Amino acid sequence: YKKDIKLMAVIASALFWGSGWAADNSIYLDQAGDNSTITMTQDGSGNKVKGILLNGTAGGTTDSAKLIGNNQTVNIEQTGATNVLSLGVNSTVSGGVGVNLNYQVTDGGNTGYISINNTGLGTASNNVVSIVQSGGSAITTLNMTGTGNQLGVTQSGGANNKFVGTINADETNVTVSNTGGGGNETTLNLTGNKGQVSVTTVGATNVTSVTQSAFGSAGAQALVN
């Protein structure tokens, strides 16, 4: 398969370790600074985006790449099978945009772990996340805090895709579209007021689970089609 890593960044301060020609095409990312724009493209199978341990050595698959700062734009595209993304984004802005994340994977068996506001205090606001899984057996797990968030998830072109979202935030809108294939799963757990969820699914043997906990008079809304 073709091996290619392209990494472009305009940031305040950053540490990138890339093994572009290694067997697993790994990118190690540790970045801090506001108003950053980061684009990562990996082409081939077995690619990884992950973090660096405190001692400066390359971390394991579940060690999150770290992005710290407000008003971040992050674009990640992985083309090929069995790729892994482990990403932690931390923003502390209480107004304006925390992070704008676009994550797209193509082909089967890809795995994504995403934490928005990572170890932050939940003060991030107006995070916008778009996730597109094309191909079968892709699994993405998202944890997100903050307020005024927008989340869009599209699973298409294959069977047995899975998305799990845990969101602790007020005024968050979630739209999930499962098209093509069967056996796709959507699990959403939302805590916060004025949450809105819309899930549209086409195909057989799909599973949808939505849990909402709202404490204010505005409540929450879920539409499942």
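Predicted model: local features only at pLDDT ≥ 70, side-chain atom pairs only at ≥ 80, totals over all residues.
Residues are numbered from 1 along each chain as its sequence is written, and side-chain values use heavy atoms, with hydrogens and water left out.

The protein chain contains zero helices and 19 strands; both are DSSP runs numbered from the N terminus, with helices (H or I) having at least four residues and strands (E) at least two. Of its 225 residues, 40% are buried. Burial is assigned under 20% relative accessible area and exposure over 50%, with partly exposed residues in between (1.4 Å probe, protein chains only). The accessible surface amounts to about 9,500 Å², and carbon and sulfur atoms account for 51% of this area. Among contacts (heavy atoms within 4.5 Å) between residues at least 6 apart in sequence, 49% join residues at least 24 apart.

In soluble globular proteins, nonpolar side chains tend to be buried together. A nonpolar core is defined here as a set of buried Ala, Val, Leu, Ile, Met, Phe, Trp, Tyr and Cys residues joined through side-chain atoms within 4.5 Å. The largest such core comprises 33 residues, and Leu101, Ile116 and Leu151 have the most contacts inside it. Strand S9 (residues 99–106) supplies the largest share of this core, namely four residues. When residues up to four places away in sequence are not counted, Leu101 touches Val74, Ile76, Leu87, Ile114, Ile116, Val128, Val129 and Ser130.

Although 27 residues separate Thr141 from Ile114 in sequence, their C-alpha atoms are 6.2 Å apart. Thr141 is partly exposed, its relative accessible area being 27%.

Strand S3 (residues 26–32) is largely enclosed by the rest of the structure, because five of its seven residues are buried. Strands are taken to pair if DSSP finds at least two bridges between them. Three bridges connect S3 with strand S5 (residues 48–50), the two strands running parallel, and Ile27 stands opposite Val49 in S5. S3 is likewise joined to S6 by three bridges in a parallel arrangement, where Ala32 is placed opposite Ile68 of S6. Gln31, also in S3, is buried at 1% relative accessibility. Its side chain makes a polar contact of 3.4 Å with the side chain of Gln72. A polar contact is a pair of N or O atoms within 3.5 Å; within protein, one atom must be able to donate a hydrogen and the other to accept it, and residues adjacent in sequence count only if both atoms are side-chain atoms.

The structure holds one salt bridge, defined as a side-chain nitrogen of Lys or Arg within 4 Å of a carboxyl oxygen of Asp or Glu. Lys66 pairs in this way with Asp30, and their closest N and O atoms are 3.6 Å apart. Lys66 lies in strand S6 (residues 65–68) and Asp30 in S3, so that the pair links distant parts of the chain, 36 residues apart. Side chains of opposite charge can pair when their charged atoms come close. Both partners are partly exposed, Lys66 with a relative accessible area of 27% and Asp30 at 24%.

Two loops contain residues of note. In the loop between S6 and strand S7 (72–79), Asn71 has a positive phi of about 55° although it is not a glycine; Asn71 is partly exposed at 37% relative accessibility. The loop between S7 and strand S8 (84–90) contains Thr82, likewise a non-glycine residue with a positive phi of about 55°. Thr82 is partly exposed, with a relative accessible area of 48%. Asn83, located in the loop between S7 and S8, is buried, with a relative accessible area of 0%. A polar atom of the Asn83 side chain lies 3.0 Å from the backbone oxygen of Gly80. Beyond residues up to four places away in sequence, Asn83 touches Gly44, Ser45, Gly46, Asn47, Gln78, Gly109, Asn110 and Thr111.

Notes:
Areas by Shrake-Rupley, 256 points an atom, 1.4 Å probe, with all protein chains shown as cover.
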